[in-house]
Amino acid sequence: MSNRFDAIVIGGGHNGLVTAAYLARAGRRVVVLERRELLGGAAVSEQVFPGFTFSVFSYVVSLLRPEIVRDLELPRHGLQILPLESTVTPLPDGDYLASWNDPDLTRRELCRHSRLDAEAIVEFGRLMHHIARSVKPFLSMVPPDPTSLSPRELRGLLRLGGHLESLGPERFHALYKLLTMSSADYLDEWFECEALKATKSASGIIGSFLGPRSPGSAYVLLHHYMGEIDGAFRAWGFCKGGNGTVSNAIAAAARAGGAVLRTGAAVQQVLVRNGRATGVVLADGEELSAPVVVSGLDARRTYLELVPERELPGELLAQVRRFRFRGSSGKVNLALSELPDFTCMPGVGPQHRGAFSISPSVDYLERAYDDAKYGSFSRRPYMDIVFPSMIDPGMAPPGQHVASIFVQYAPSRIDGGWTPERRAAFGDAVIDTLAEYAPNLKSAILHRQVLTPADIEEKIGISEGNIFHGELSLQQLFFLRPAAQWASFRTPIRGYYHCSSSAHPGGGVMGAAGRLAARVILGDR
Amino acid sequence: MTPIPHQLQTTPFHARTAPLIRGHTWRRWAGHAAASVYDWTHEHEYAAIRNAAALLDVSPLHKYRITGRDATRLLDRMVTRHVARAALGQVLYTGWCDAGGKLIDDGTISRLGEQEFRLTSAEPNLRWLQRNAFGMQVTIEDISDQLGALALQGPLARTVLNAVAERPLDGLKYFRVMDNRIAGTDLQISRTGYTGDLGYELWIPAPAALPVWDALVARGADYGLTPAGIWALDVARIEAGLVMLDVDYQSAHRAMIEAQMSSPFELSLDWTVSFDKGPYNGRRALQAERERGPAWRFVGLEVDWDSFETQHARFDLAPALPAIAWRTSLPVYRAGRQVGYASSGCWSPLLKKYLALAHLTAPHFAPDTAVELEITIEHQRLRAAAAVRKLPFFDPPRKRA
């Protein structure tokens, strides 16, 4: 087999696969090199325990760009999105706050807590819809460099300016607030029900080392509103077979275009000659050559590990070193003999086809953040829990179930470092907290897998285990993602590109970075 | 433990209405299960509205009780009609606008006391009320669930009420409200409705809903009283030329773009817009609109029967009339160019005419203007001749007498 390609993609995560699929469709001979035996990066389904399949890391879909689904014909390659029913927030007093997939039922439920909020949420949703629509073009735009005067950048800036002007004052002001405020403060302007504010503000802390009262968290909230399924913003779905199906479908599309996908192929170094990428060398010494090398790894690995330091300007290296990863979340995957029976909503019902959110109050979330701020995992963490086997029965043996628990905060830099003991203690804190709301939980657990940011880094190589490949904070977005003047998916090394979530517009199983990188690569030749 | 609300809300009359609904033809109305029709078709239910008396459960309406020193000030600041001028016991039909003079909703305001009002609306308006009440001494209560509401509509409505109510209805004028008592329950009766006929609405404490229903049905039997659903009401309200939120216009609070919004002038509700009172939401924009003249008007269309029949005859078909009122948007043309759209339409069994409610741009809305309405025959889009008519189509003297 020849080792010469038109393009080499390092890392078989979903963005790398997206780039490869687009390049292959354009007729390029592409190879994807994945270190693990399994493609997908953070979007993988694995049978961690016999008979129990888990979306080990990322676990729901919404942000996946619809144009990718269309272009790559992902449904034909196996992607099937199933609806999530609801979000239920159990409350300490035994009550709950629920939002259902029907506006009338949701209104009825919210009226129990606050009639004002029941109305506000409709207006809020409408405004967020508008803003998500406004921001949508940015997601498929290569960020222009505002300090450059080249015609290409100016054209982008003009487009941007024109777009902002078309927002109108109400939406522009709201966008400005979302970019600058904390999610708790922003939601305070809208709602009075504590559990509602807390549950909504939780979207603003996911994947960031921020509390709901930290400025900047409102943007992360918006980021979660930009998802789109079948044309509806803020729609979250569950992928049949788990999130590995997303990666497998993209991989199948890439293969159909002729891409070669290799697993068990860890890249040691990118080969650079005369300021130009020429190929890669694998850990076992094998060399592959190509005029285009694309890194699907995070910015730190892309710039600081894969290429020799001397090939890059010092200022860029400094910026990348400062790029904040600070993983803040962990994951607990459970194999269950029966579903948790929530005290607030006894029995098995539609609630198990949706998410449970452990976010009773903003204070609760902020206290969870306090633990993390001072070097510990949250004793009583925020959790987002889904039961994929309730949506796709194939995920667990009949009558048994899997639970996917997203947990925050689990700081990557914990005092004393992550040890097996601390991991176990973290897992216990999660189970103990959840068991307060669902007392049968402990006896139902057959197996548990606890993943800390350190585990995420070790298993799939994301620096500090940050699920977004670097925080989605304002100073790390758009033309600053991952570094000023290098937000165009290009690097100072000719032929060396970057397509991961560390690049614009960030993570969340969007695939947008992978698609934009492919567009830039194809345009550069 | 709170039970999971997995069904639509039901009204206080559900125990009586549910057994009557033969085809389980429920629909949604403001989060409630409401009867589309009780019988297999709405023929008899509609006939009762125009010929005897029809009983409609209109409990899903949103209802607010507004009391306190600034109650009048709040309402006058919010709605387009002059509330301070309303007499005790008077009911006002009014809309309310955003700052741009575009309608948010419409409903009625009943003056129940010097400082006590009841507002009804199609959509929830608590948040809007509270935002307008900032700094005012006023109490706003959402009493939607505490109050059942029945509409008793038709030429014999007064006769039925006089047979069951403790106090006679003869003195109650059009758009007035009175305290009364039925089946031992204190309630209020207003001479209002959504049918353009003689009719009343009863405002009943929810716990006493069933006895009141029972009393009306028991005595009403002698006068042809018939429970009626939304299908029948829809035909009546089109004949009466009454606008419906989410059908004929969209709330400024829900519309996605400016073009989807309507001003009171554009809905031909000029008579509800007062300029002889202080500042209120949208006043400046409405003043400007009045001066330059509205770009749109809400008018009636009468489809020309011969044209309608001829179009069908080309297919060797008899004219096919809509079985129930439609609520889709159909383009309206004049001289080959689209000049607006119809938003509701039906066959009027009473007037024997095919009617539609339409939004037309200037200058095409003058009465008797000849236009064309899109119709579909055998999957083909065609046009039938129609004439612009002033609303309402049907306005019997008994409505006010």
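How many residues of chain A are in contact with how many residues of chain B? The first legend gives the count, and the later ones move through each chain of this predicted model.

**Figure 1. Where chain A meets chain B.** In this view, 19 residues of chain A are in contact with 15 residues of chain B. On the chain A side, two or more residues each come from α3 (103-113) and α4 (115-139). The biggest share belongs to α4(A), which gives six residues. Sort the chain A side by class and you get eight nonpolar, three polar and eight charged residues.

**Figure 2. Chain A as a whole.** Chain A holds 18 helices and 21 strands. Its C-alpha trace spans about 65 × 55 × 45 Å along the principal axes. What radius of gyration would a compact globule with 525 residues have? The value would be near 24 Å, and chain A agrees, because its own radius is 22 Å. Of the 525 residues in chain A, 56% count as buried. Now take the contacts in chain A between residues at least 6 apart in sequence. Among these, 72% join residues at least 24 apart.

**Figure 3. Helix α15 of chain A, with a buried face.** Helix α15 runs over residues 420-437 of chain A and has 18 residues. From first C-alpha to last, α15(A) reaches 26 Å, close to the 26 Å expected at 1.5 Å a residue. Which residues of α15(A) are buried? They are A:F426, A:G427, A:A429, A:V430, A:T433, A:L434 and A:Y437. Seen down the axis of α15(A), these buried residues fall within an arc of 150°, so they line one face of the helix. Now turn to the other side of α15(A): A:P420, A:E421, A:A424 and A:D428 are exposed there.

**Figure 4. The domains of chain B.** The domain assignment of chain B gives three entries: domain 1 (14-61 + 145-228), domain 2 (63-142) and domain 3 (295-397). Take the centres over C-alpha atoms, and 35 Å separate domain 2 of chain B from domain 3 of chain B.

**Figure 5. B:V58 in its loop.** B:V58 sits in the loop between β3 (53-57) and β4 (62-67) of chain B. Is B:V58 buried or exposed? B:V58 counts as buried, because 21 C-beta neighbours lie inside 10 Å and the cut-off is 20 or more. Leave out residues up to four places away in sequence, and B:V58 touches B:A149, B:L150, B:A151 and B:E201. Consider one of these, B:L150. B:V58 and B:L150 are 92 residues apart in sequence, yet 5.4 Å apart in space, C-alpha to C-alpha.

Note on methods
Residues numbered from 1 in each chain as written. Chains lettered and ligands numbered in written order. Predicted model: local features only at pLDDT ≥ 70, side-chain atom pairs only at ≥ 80, totals over all residues. Contact = placed C-beta atoms within 7 Å. Helix = DSSP H or I, 4+ residues; strand = E, 2+ residues; numbered from the N terminus. Nonpolar A, V, L, I, M, F, W, Y, C, P; charged D, E, K, R; others polar. Expected span 1.5 Å × (residues − 1). Buried ≥ 20, exposed ≤ 12 C-beta atoms within 10 Å, placed from the backbone. Arc of directions from axis to C-beta. Domains from an automatic or database assignment. Rg over C-alpha atoms; globule rule 2.2 N^0.38 Å.
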